[in-house]
Amino acid sequence: MLSLTNKRILLGITGGIAAYKCAELTRLFTKAGAEVRVAMTRAATEFITPLTMQALSGNRVHLDLLDSEAEAAMGHIELARWADLVLIAPATADFIARMSQGQADDILTTLVLATAAPIAVAPAMNQAMWGDSGTQANVAALAQRNYHIFGPAEGEQACGDVGLGRMLEPDELANACAGLFTPGQLAGRKIVITGGPTREAIDPVRFISNHSSGKMAYALAAEAVQAGAQVVLVSGPVHLDTPEGVTRLDVESAAEMLQAAQHNVGDADVFIGVAAVADYRPELVAKEKIKKQADEMQLRLVRNPDIISEIAASGSGLLMVGFAAETENVVHNGREKLAKKNLDLLFANEATATFNSDHIEVTAISAEGEQALPAANKHLMARKMLELIAAKLKTRNT
Ligand code: C5P
């Protein structure tokens, strides 16, 4: 039974056809024990009346930033402080764009900026608008700011299209909101993640490396913290900020990465190898900068340790999760790596499309089978991946 006892939910409604579902949503919230206050954009009032929302929430609806009567009852800053959760449902493409820009030119955008409460967003729009790269970039920006993105779902749309863009159903949204008040699915778990490239020195100024941006590992680290985990991120050199709550250990070479990983997995539950580790390193590192003399030069390379295999082989009992960035036979090669490296779960993807991109499309491979995870920005994908990881941890413990 859904419980939101004494939770204060500020429901922000924007102008999409799914706004009519907010009546049912509010009913579910209040039935679960929540107190609901509603703020609407002008466009939202074209789809559902403020009077309906007032009757169902039992509170006056906020429509204008500069409404002296409403401000006298509860000012917008007070309202922003009052909320335990702000839910924007439905969130139109336009409203998502305005939020992502940090605008504050109406009551709802202002509340979003002013609140310290978690913010959840339930996108609802035409499938092409959802798929548009501008919308995706805006959603990714919100996810990066730790907004919770609920949905959208796939299916028939009011405009007749079929695809991703439907707002989640009221019961799904109410459950997702309740989930934010319960400990995360990874609460009490420790996760060690490797990310980014490694650099293998040739001499004091040169190295061998690769194009890995570290974005996937950093998204996983940020989302794992959101899900309640303690996260250690062993990171190769990348140009990314450390996500809040993550312990980051900077390393350069594969040998350093292995050592840092080994030092930190002792009390961990999960190891996720996202790093694009250089497979080979120069056998000798020149002490001084190598001079340009001969017409040709040969660099002798030796194998680097396979970090994830070493951790898996150490018998630590960790849940082992790997990645496989392939340029051909993605799933077949991924399955081979799962077996060879002794992993519990592996995410296989096409390599060249992924490096430095904000988006990724993967196939999750485990002993139980394969599951294609459709293209999404790396933060949303990270959440999906962590759900699969949490489910695996659960079945292990039962
Ligand atoms: O490079 P490869 O395709 O074998 O990488 C597959 C998985 O193994 C990835 O999870 C990667 O982080 C990990 N790996 C590693 N150490 C290496 C090479 C790869 O941990 N030396």
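Modeller: The model is predicted: local features need pLDDT of at least 70 and side-chain atom pairs pLDDT 80 or more, while totals for chains, interfaces and linings use all residues. Residues are numbered from 1 along each chain as its sequence is written, and side-chain values use heavy atoms, without hydrogens and water.

Colleague: What makes Phe323 and Phe347 a pair, and why is the pair called stacked, edge-to-face or tilted?

Modeller: Rings of Phe, Tyr and Trp (its six-membered ring) pair if their centres lie within 6.5 Å; planes under 30 degrees apart count as stacked, over 60 as edge-to-face and the rest as tilted. By this rule there is one aromatic pair. The ring centres of Phe323 and Phe347 are 5.4 Å apart and the planes stand at 50 degrees, so the pair is tilted.

Colleague: Which parts does the pair tie together?

Modeller: Phe323 belongs to strand β16 (residues 319-326) and Phe347 to strand β17 (residues 345-350), so the pair ties together parts 24 residues apart in sequence. Strands (E, at least two residues) are DSSP runs, numbered from the N terminus.

Colleague: How do you know that Lys7 lies over the face of Phe181?

Modeller: The criterion requires NZ of Lys or CZ of Arg within 6 Å of the ring centre and within 35 degrees of the ring normal. Lys7 lies over the face of Phe181 at 5.2 Å from the ring centre.

Terms used
Helix = DSSP H or I, 4+ residues; strand = E, 2+ residues; numbered from the N terminus.
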